[in-house]
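Welcome! Open the structure in your viewer, and let's walk through a few places together, one selection at a time.

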Amino acid sequence: MQNRSTPLPADPFPSPGPESAPWNDADQRNYRLGIWNGWLVAVGDGFLSVTVVLAGFAARLGASNVVIGLLPAIAQGGWMLPQILVAARVRALPYKLPVYRSAALVRASSYVAMVLVAALLAGTPALCLTLFILAMVVNALASGVSGLPFLEVCSKIVPSSRRAAFFSTRNLVGGLLAFGAGLVVRWVLASPLVFPYDYALIFLLATMFYVVGYALFGKVAEPPDEPLPTTNIAEELRQIPLTLRADPHFRAFLQVRLTLAFASLADPFYAVYALRELHVAASQIGVFLIALAGAAPLSNVLWRRVAERKGSRRIIRYSAAAACLAPLLAMSLGRGQAGAYLLVFVALSVAAQGFNLGHTNHLLNIAPPIQRSRYIGSLNTLVGLALFAPVIGGVLADHLGYRTVFWLSAFLFAAAWWQCGKLRRDA
């Protein structure tokens, strides 16, 4: 553990927690690097929003709903699936950050590939989509490799009393900056720059922010862990049912996460529905992104207060209720109501910010430190399989229409809200 004998100096990124908690200069630097990483990655996420920007790009290329549904499935499911393998390897390492740095290099290369594919191959839509999706797969798997080390390092450099503030500060200012990214996206898509160069420019801007953000987190001074015995993936898979049987709180959390993952089957189709069924202008994609980003800072203020007063269980429950509003609003609006349709993305943003904060805090708080890697890897691998639900949503949209997908999503979010009653209340 780090030496915490020096009082915490004045910090431009203050966090709650015990006023007497001593921090030294290394702690302060790590905290700031973690915050800056979150801000820059949030801007990159704003430019490269899977459910808005990438879905709009695929729609412009004439992609089917199944392909559009595959995009968030790759981005989210691909992030989670490798983590059981990563957990088996990482738990034996005293330092996790080298794994993060290696994966970040692969991710940066895949972003460059996306820019080049979009700029050079849009004239052959099938080839462009194929290579773009391949780059997304590489990126998602690399992000899955980096995700577990990232959470492990965060759990070491940020004490539990400060984690809610740490992640909410990352999300709060990151949301404000992502709002700026939405303004840029709207300007680019409404500019004289023709397709596909408008999207290629957006992807290039995202790449720049991602690369700097990854580089900053790579400079964290990670305190070492006591090495644990190495395991293999077969052993980790065998441990999953044993861990679930032994810990009812982990089992309840997994049930909620799986239901929420299946409920996300409608996420990539809100923007596509507006473009194809409500016939909004292509530049409206930027406005949708502004709504997503603009709601994030205010909702983070709300979620931080809930985290400090009520805990992560209440955040997840309230977020499920907010997410349930999105499909209900989408179904209630028709042509000529593009302004009101922004409320769909406001509800999605409020829910997403709550889930980001609530899920991370709840998992880190219920996981025993010695089994933290196993808990993270097991949960994310199982949930990752369910996050391919948007592909099912695409099939349903093609055969039964978008409204069927929206109704099913609303039902599943309501079910997740009910299941939150079984989560551990003090986590």
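Is the crossing of α2 and α12 left-handed or right-handed? Keep that in mind as you look around; the model here is a predicted one.

**First stop: two packed helices.** Select residues 50-60 for helix α2 and residues 284-309 for helix α12. Their axes lie 9 Å apart, and the helices pack at an angle of about 165 degrees. Angles over 145 degrees count as roughly antiparallel, so α2 is roughly antiparallel to α12. As for the opening question, α2 and α12 make a right-handed crossing.

**Second stop: a salt bridge.** Now select Glu 222 and Lys 156, and show their side chains. These side chains form a salt bridge, with 2.5 Å from N to O. The count for this model comes to one salt bridge. Glu 222 sits in the loop between α8 (197-217) and α9 (233-246), while Lys 156 belongs to helix α6 (residues 125-157), so the pair ties together parts that are 66 residues apart in sequence. Both Glu 222 and Lys 156 are buried.

Move on to residues 248-263, which make up helix α10. At its start, look for Asp 247: one of its side-chain oxygens comes to within 3.0 Å of the backbone nitrogen of His 249. Next, check the length of α10. At 1.5 Å a residue, its 16 residues should span 22 Å, and the end C-alpha atoms are 23 Å apart, which agrees. Finally, colour the buried residues of α10, among them Phe 250, Phe 253, Leu 254, Val 256, Arg 257 and Leu 260.

How values were computed. Residues numbered from 1 in each chain as written. Predicted model: local features only at pLDDT ≥ 70, side-chain atom pairs only at ≥ 80, totals over all residues. Heavy atoms only, no water. Salt bridge = Lys/Arg side-chain N within 4 Å of Asp/Glu carboxyl O. Helix = DSSP H or I, 4+ residues; strand = E, 2+ residues; numbered from the N terminus. Buried < 20%, exposed > 50% of the residue type's maximum accessible area, 1.4 Å probe, protein only. Expected span 1.5 Å × (residues − 1). Polar contact = N/O pair within 3.5 Å; in protein donor to acceptor, adjacent residues only side chain to side chain. Axes fitted to C-alpha atoms, helices over the stretch in contact; angles between N-to-C directions. Parallel < 35°, antiparallel > 145°, perpendicular 65-115°, else oblique. Left-handed = near helix turned anticlockwise from the far one by under 90°.
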